[in-house]
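Welcome! Open your viewer, get ready to select residues, and follow along one stop at a time.

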Amino acid sequence: MGTFIQLVVDGLAMGSVYGAIALAIVLVNQSTGMINFAQGGMAVLSAYLAFTFLGLGLPLIVAILLSVAASFIIGALIERFLMRRFMGRAEDTQVVVTVGLLTLLTGICGWLWSYNNLQFPSLFPSSAFTFLGAAISWRSFGTFLAIAGIMVLLQLLFRQTKLGLALRAVADNRQSASFAGLPVGRLLMVGWGLAAALGAVAGALVAPRLSLTPGMLDTTLVYALAAVILGGITSPVGVVVAAWLIGVLENLAAVYVPIIGHDLKIAVPFILLFVVLLLRPQGLFGRKTVVRV
Amino acid sequence: MGAQKTGLLRTPWFQLTLALVAVVLLVVAPLLLPIPVNQTLARIGVFAVAVLGLNVIMGYTGQVSLGQIFFLGLGAYVTAYGVENGWNIALVFLAAVVIPGVVGLIVALAAARLGGLAIAMVTIALPIIGVPLAKRLSDVTGGSQGISARFSSAPDWTGLANDQWQYYLVLAIGGISFLLVFNLVRGKYGRAFRIVKENEAVAGAMGISPYRYKVLAFTIASMVGGVSGFLYMVVVQYTSPETLAFHHSISLLAAMVVGGAGSIIGSLIGGIYYVLVPNFTNEVAPTLTSLIQGAILLLVLFILPGGIASLPRVLRRWTGRSSRSSPPASSPPEASAPSSDPSPSTPPNTSPSTSSTTPPSTASVKEDSP
């Protein structure tokens, strides 16, 4: 029982990281209709920025917050000067642009900080506390809480503020939003900035666990994409729930299903995905979209 | 002047001669060139076929696939396994094509259910699951140490060296693959693929099921990937989980875009790019390989969305425009266009935003010039 609870909490922690990246992908998708395959790469860059700020002697929490702010700006700039150029082009072209961006960012990180593993300190103590007879690490619990808290904040931003309303308007119908006098271009930049900032938090929280390398989040990106499909791309809540589900299930499968084990646990979300796609293609929580010609 | 020159270049006789010369050169080349060059040429052939497969699903059908390298790897592993167990080589080849095809079919049946970008989102998992899977199934795959299979030594009766024999195998099988795909995309299936790429709703209204054609294109792409895996074993004779690593898949995609999406010649250029450019960047600056590749990919998307294969067309438009603008009388497009270059000069009647890479892509050029 103790192991079980531990596995569930660890799974929730990793699931939160997948969820954060997945939510960032959904944020971008809802406002621009594209999938950003560079979301993980951008988060890795953010983690390296935090690492550099840390090297300047700043305390960890300040370094992370600074990198989050920097990531917001970088995200907005990428939208303005790269993605904007490809707006209105075919979907597949836009995806290739983000794949190119991923390669470029990986290359930049490898060039500036080398391809070696770097040790990134954790925001939370490495000790554990006992709960119901299970040893739960502060790292997992803290990661889970931090990201859950940020998701609540994001929800508040979207539901309770004028900026959130404007962002939703742009996501819903860009043309109408622009007719209503909203600065669509700037709002798209904000959307990308928010997504990048969210990714930055996830990157900083998971970096101690995975150890910092340019390709650190490649696998996480795959999990996040699985969560996006499973949860249904139109449903932010569904995506996060799916991410937690994936995190927990893969951890349990790794330990309790010997055929899968730790090396093949990445197959778990895709077995799940396979079944869901064949039975319920719009995702667990998504709604069917109607295409107009 | 310019128009006359292009006129000569476009006569069927000239093109036939050109093709004949190219074939003769390709056949004679390995007899004269040193071993490393032959090996490099053979590798180019291998990856040109892989890029060709990717082009079927991505360039022609518009569905981004990030998993093409998985099918190359699968084909290579099937080949290695078959050779190790002493199967007849024809059977090995058949298995190396059919098994990736079946796996591709199953993946596509699920992935194509979701519209839009689901294929990209699912196929990215193939190499990422494939590597640990290959390590796990060590009885079959040799684990992380990999597996080697030597079956492509030159038979005695040919009097050829090994590198020459391998080159000819790649040339023959690769050439047939190129011919088959060329015929496929030129015929009714190719047209259906293109309509699915342009607009799925329109395709549906015309009785072309986007789902079925996506699955078909993906399956064909997987089979071509399997062929390239077989050829990979012919040339490299060794495969390990590293063969199907994720970054190779991205490089393959970059090679296809740089060569030219939706272009047969582009696939060949893609193969050249895939093999030669990393060699070059590794020589210049090993730590910058990824950076340079990403930059090249974005740069091509910015300035030459049709890839290198579209370069002659773009240049012809430029030169054509300057030569046409010199005689001020007569309305230029209608008067001179039909005689000098009949195919690409039809006005862009499709919407410029969607047709960025289809062969008669005046639209993409138009779009960038203002």
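Begin with the whole structure: a search of it finds two cavities of 30 Å³ or more. A cavity here is a set of points, on a 1 Å grid over the protein atoms alone, where a 1.4 Å probe fits but cannot get out. The volume is the space filled by probe spheres set on the points, which are joined across faces, edges and corners.

Before moving on, note that this is a predicted model: local features need pLDDT of at least 70, side-chain atom pairs count only at pLDDT 80 or more, and totals for chains, interfaces and linings use all residues. Residues are numbered from 1 along each chain as its sequence is written, chains are lettered from A and ligands numbered from 1 in the order in which they are written, and side-chain values use heavy atoms, without hydrogens and water.

Next, select Met42(A), Leu45(A), Ser46(A), Ser71(A), Ile74(A), Gly75(A), Ile78(A) and Ala196(A), which line the second largest cavity (lining residues have an atom within 4 Å of a point). Its volume is about 50 Å³. Which element gives the most to this lining? It is α3(A), with four residues; helices are DSSP runs of H or I, at least four residues, numbered from the N terminus.

Now select Phe37(A). Leaving aside neighbours within four places in sequence, Phe37(A) is in contact (heavy atoms within 4.5 Å) with residues including Val95(A), Leu225(A), Leu66(B) and Met121(B).

Finally, go to chain B, where an unreviewed UniProt entry lists residues 117-134 and 288-308 among its "transmembrane region" spans; such annotations may be inferred rather than shown by experiment. Residues 117-134 of chain B are 89% helix, with end C-alpha atoms 27 Å apart. For residues 288-308 of chain B, the figures are 71% helix and 22 Å.

Terms used
1 Å grid on protein atoms, 1.4 Å probe; cavity = no way out; pocket = protein on both sides within 12 Å on 5 of 7 lines; lining within 4 Å. Helix = DSSP H or I, 4+ residues; strand = E, 2+ residues; numbered from the N terminus.
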